[in-house]
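Please consult the sequence and the three-dimensional view while reading this briefing. The points that follow are grouped by topic.

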Amino acid sequence: MTQTLQTILARHQFEPTRLLQILCDVQEAFSWIAPETITALASALGLPRARVEGVVGFYSFLYSDAPCRYRLLFSDNITDRMLGNQALITYLCEKLWVERGRISEDGLAYVETTSCTGLCDQGPALLVNGWAIPSLTRERLDMIAELVLAQTPVEQWPRELFAMENNIRRADILIGNLLQPGDALRAALFAAPPLGEAAESAANARSWREGLPAAEHGSMDLLEEIKRSNLRGRGGAGFTTGMKWEACRNASCEQRYVVCNADEGEPGTFKDRVLLSTQADLLFDGMTLCAYVIGGGGRGGGSTHGFLYLRGEYRHLLEPLNEVLARRRSAGLLGRDILGLAGFDFDIEIHLGAGAYVCGEESALIESLEGKRGVPRNRPPYPVTHGYLQCPTTVNNVETFCAAALVAAHGGDWYRSIGTAKSAGTKVLSISGDCARPGIYEYPFGVAVSQVLADCGAGETLAVQISGPSGVCIAAPEFGRRIAFEDLATAGAFTVFDTSRDMFEVARNFAHFFAHESCGFCTPCRVGTAILRATMDKIAAGHGTLHDLAEIERLDRVLNQSAHCGLGHTACNPTLDTLKRFRPSYQRRLKSLVFEPAFDLDGALAAARRMTGRDDAGAHLSMEAET
Amino acid sequence: MSDTFVLDGEDVPFVPGQSVLQAALSAGRYIPHLCYHPEFKPHGSCKVCTVKANSGLGSRYASSCTLPAQAGLEVESATEEMNELRRTLVQMLFAEGNHFCPSCEKSGSCALQALGADLGVMTAGFRHFYPDRPLDASHPDFLLDSNRCILCQLCMRASSEVDHKHVFVLSGRGITKHLIVNSASGRLADTDFALTDKAAEVCPVGVILKKRVGFAVPIGQRRFDQRPISAQALDDAPRPSDTSRGTA
């Protein structure tokens, strides 16, 4: 075993649950995960070799095919396509003399596409060996090609290539907060008896499970505030945060986990990237507050540990976030006896994802944290009682933890007074597509789509995709609808399409996305998303029929009835939404037949016609049957 | 004493911890299924056993093999809606792999084929994928033909839970998900797979085939040639001791 491999394994304490983290490090160090490396890792970790191989095979950013110096993956969200990424891919391939999707013969470069990288407001984007580069142009690709051909290590590439904008266009209570690191935490902890005597007596008091000691009121009070705030999860499902925390607190176990879901994979969403860049302290305050609540204030509830699951596409945020964590540890905001509260121990570590959208599903995320293939679990039991390593686990979105910190600082009533009756607080939207000012917009819940469109400078708007492919696509007559759980629930994506766009192509891009990201566990999603992709391609190629449209509706029924998780349930949504609202863009591609073979028989005769030099009517199949 | 839930209008007793499918089978009631096997922990991947479950909280669709039986649950299984879904799922499995029944050694003993016949599946319904899947004849005692694999994970579960060998594992994702074996060469011959393994017995289709015993039983006299899978599944189900085996 090489020294590098040994170092990586030691960094992760030879811990099999850290397999994915080990593999990410190996990929970064060696540019691939060689078969002999898999064998070595398996024996060092005491795992069956095939299990390691199976994990490597699951994640898009882990490669076991061959070493390659530069892997250049173009983000392939519809917004990247609208900004011309296809031509840029071809351009770079020509520059580098490589074939798309194949490692060059000398092992130097590989150019392919990947799912949305969360840079839709500054696309087209790509990842080079996992590092994001936004705002691609031919000039920037010229520079990239030169660096690749000169074999300059990525860490020596000019920093301006990787420079990213936050593009905050509208800030409200969250993005505009003036809290200092730890403020929210202090507000909650010292709403309880202040430090000094009370804290000491509290430390000696019995745990809340046996009877409430003085300081225990702090965590109970905070839970009450969170419940009073009516805060609901910002990841899309909208589960009440207070109820989730309470269920986790009440589950009996010695060990509990707080997990922040920063696996922001929904195409068109990038608000977590900006929150992680600008609000990291607020987020970590929120996670620490969650630990405070579910761990019962640190005493008696056993120990609590935190994870931030950061999507692989946000690799560039890893070091900055780790610096924030280190600073918080030295400031007493993490670690043992947080803010001097005896027994309140909590720390956070960051785990990287490796290119798997499905890991945004909370139970798949937990499987991935455990170093496994990111396959959603059967539920019940739910993570709040049986999560990471079967211990009670609270999984919340980045924005949810930030909002929880605001609640702790300003109170539940204050928070609930913002937004609508059923949707408290604000929502951070990631706006991209056809508008003058793409970026981050924070609004109180209840804002109308038309208002948002006016603010971001969208004109001639044909449609808006709310909450990404798994959300809903709306057309102009619906622009009076509001962003709120009771109307348009959203995880934050807001993709604008103007009248120059073809909504069929939008839906086709999303169908490809779902097929690529299906974990493959259940039959309907594994096969159904592949059938949907093939059907959309068939229609695009001019071979579609009315029968195909009916088949898509049948697929949707099957996926909704039987898919294992939300990915499958929503996979047909973009197609059905656009079919309902923009049917002509499908119909003009259909041949007016009930049946149209996918195979073009006359086209297949073209080679024979060329060889015989014939092109007369007799050399063609009769087209008379088509009416 | 046990509680009951309702399956297609009739009471079915269950003991706590049983899933709807397990309770139904032990009570002599059939719910079509494929990746479920009474000897292994159910995981609900094939979705053929999907039922509509109505409770106080509303109705939802769920895999009956993993759905915990609960008093008061009203389960719809033998409905046209559910059987139409099952036919589509079976069609998807046929379209996904390369299944050429007439030349397959498992024809007549194949659960996928038998299920299709029982449910009235006449064609694959979808355009075939014709995937390029390898054949591994390296092992002296076995032929591994992944063309027919339906990814039910039974061999995987048997090999890890019973044989403690992990010979079979899944790799890939989505439609490219596939079975791999536990060897650096990727060949079955280089694993410790053996004739005595439980995993050698459980493949419901024709992936793991023993060599030198092909066509030992003539077509027409094979397992599902004799009685449909719906009857045989009940024979295989663990039953309370006071109930005689078989209901046909």
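In this predicted model, A:H305 stands opposite A:D347, a residue of strand 8 of chain A. The pairing behind this position joins strand 7 (residues 303-310) of chain A to strand 8 of chain A in the parallel sense, over seven bridges. Helices (H or I, at least four residues) and strands (E, at least two) are DSSP runs numbered from the N terminus, and two strands pair if DSSP finds at least two bridges between them.

Residues are numbered from 1 along each chain as its sequence is written, and chains are lettered from A and ligands numbered from 1 in the order in which they are written. Because the model is predicted, local features need pLDDT of at least 70 and side-chain atom pairs count only at pLDDT 80 or more, while totals for chains, interfaces and linings use all residues.

**The parallel sheet of chain A**

- Four strands of chain A form an open sheet in the order 8-7-6-9, with parallel pairing.
- Strand 8 (346-352) and strand 9 (393-397) of chain A stand at the edges with a single partner strand each, so one side of each has no neighbour in the sheet.
- On average, neighbouring strands of this sheet are turned by 20 degrees against each other, direction ignored.
- Helix 11 (residues 241-250) of chain A packs on the sheet, where it touches strand 6 (255-262) and strand 9 of chain A.
- The direction of helix 11 makes about 160 degrees with that of strand 9 of chain A; axes are lines fitted to C-alpha atoms, for helices over the stretch in contact, and angles run from 0 to 180 degrees between N-to-C directions.

**Chain A as a whole**

- The secondary structure of chain A comprises 26 helices and 14 strands.
- The radius of gyration of chain A is 26 Å, close to the 25 Å that the globule rule gives for 627 residues, so chain A is as compact as a globular protein of that length. This radius is taken over C-alpha atoms, and the rule is 2.2 Å times the number of residues to the power 0.38.
- The C-alpha trace of chain A spans about 100 × 60 × 45 Å along its principal axes.
- Of the 627 residues in chain A, 54% are buried. A residue is buried if 20 or more other C-beta atoms lie within 10 Å of its own, exposed if 12 or fewer, and partly exposed in between, with C-beta atoms placed from the backbone.

**Buried parts of chain A**

- Helix 12 (residues 271-278) of chain A is largely enclosed by the rest of the structure, because six of its eight residues are buried.
- The buried residues of helix 12 of chain A are A:K271, A:D272, A:R273, A:V274, A:L275 and A:L276.
- The largest nonpolar core has 252 residues, and A:L283 and A:L289 have the most contacts inside it. Such a core is a set of buried Ala, Val, Leu, Ile, Met, Phe, Trp, Tyr and Cys residues joined through C-beta atoms within 7 Å.
- Helix 13 (residues 280-294) of chain A gives the largest share of this core, eleven residues.
- Leaving aside neighbours within four places in sequence, the contacts of A:L289 include A:A184, A:L185, A:L222 and A:A404. Two residues are in contact if their C-beta atoms, placed from the backbone, lie within 7 Å.

**Contact between the chains**

- The contact takes 31 residues from chain A and 30 residues from chain B.
- On the side of chain B that touches chain A, two or more residues each come from helix 2 (80-96), strand 8 (168-171) and strand 9 (178-181) of chain B.
- Helix 2 of chain B supplies the largest share of that side, seven residues.

**Chain B**

- Chain B has six helices and ten strands, and 46% of its 248 residues count as buried.
- B:D136 lies in strand 6 (residues 135-136) of chain B and is partly exposed, with 17 other C-beta atoms within 10 Å.
- Not counting residues up to four places away in sequence, B:D136 touches B:L144, B:R187 and B:L188.
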